[in-house]
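Hi,

Here is the structure I promised to pass on. My notes follow below it.

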Amino acid sequence: YISLPAFSIPWDSVLSQADVNKDLLGRIEDLWSKGQKGDVQAWRDAIALLQKLQNAQPADLGIAERLKEADLNRQFAEAMAEVAVQWGTGETSARRVEAWAKAVEVLDGLQSRMAGTGFLKPVAEKLYAARINYGKALEAAGRLAEARATYEKARTLDPSRPEATDALRRLR
């Protein structure tokens, strides 16, 4: 006895192109929703489906824009997932210097890629906090000159916030 799934025909060869695109759009929207809830793999899958849709309709500029937006979301989600690992419990002891350095490095790179997008502000806020925590870890390690430089960068990023200014005053 051979089960029916062994004989199933791919939807692409049965449905009209409009039905296939409608199915793809529905799957993309489902993945989009999951991605917005933090599912990095959903962004990757949405991008793959958007690329398939773009191949079917290369002249559709709306698909190209949606693909760019999905890729920005993927980059943001991947970077934030990596930062979350480095962030750990938020501890700022001397043994966490390398983790904070990595978080700052990832966020610095993400900030440059997110210029001109809606992601710039949340990245800048996270980067400010990472720099403050990195400075605290450097202080705990006795690396005061590096801590000052880190606090200076945080203050440059957001001069209106008091944490960096307070830390610089404390280190004088």
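On the H4 side, Phe76, Met80, Val83 and Trp87 touch Pro122, Val123, Lys126, Ala129, Ala130 and Asn133 of H6 (contact is heavy atoms within 4.5 Å). Sorted by type, the residues of this contact are eight nonpolar, one polar and one charged (nonpolar covers Ala, Val, Leu, Ile, Met, Phe, Trp, Tyr, Cys and Pro; charged covers Asp, Glu, Lys and Arg; the others, Gly among them, are polar).

H4 spans residues 61-87 and H6 residues 120-140; their axes are 12 Å apart, at an angle of about 20° (axes are lines fitted to C-alpha atoms over the stretch in contact, with angles from 0 to 180 degrees between N-to-C directions). The two helices are therefore roughly parallel, a label for angles under 35 degrees.

Bear in mind that this is a predicted model, where local features need pLDDT of at least 70, side-chain atom pairs need 80 or more, and totals for chains, interfaces and linings use all residues. Numbering starts from 1 along each chain as its sequence is written, and side-chain values use heavy atoms, without hydrogens and water.

Mean pLDDT (the predictor's confidence in each residue, 0 to 100) is 87 for the protein chain, with 88% of residues at 70 or more. Helix H7 (residues 144-157) has the highest mean, 98, and H1 (residues 11-14) the lowest, 44. Residues 1-16 have pLDDT below 50, and that stretch makes six contacts beyond near neighbours in sequence.

Overall, the chain has eight helices and zero strands (DSSP runs numbered from the N terminus: H or I of at least four residues for helices, E of at least two for strands).

Cheers

How values were computed: Parallel < 35°, antiparallel > 145°, perpendicular 65-115°, else oblique.
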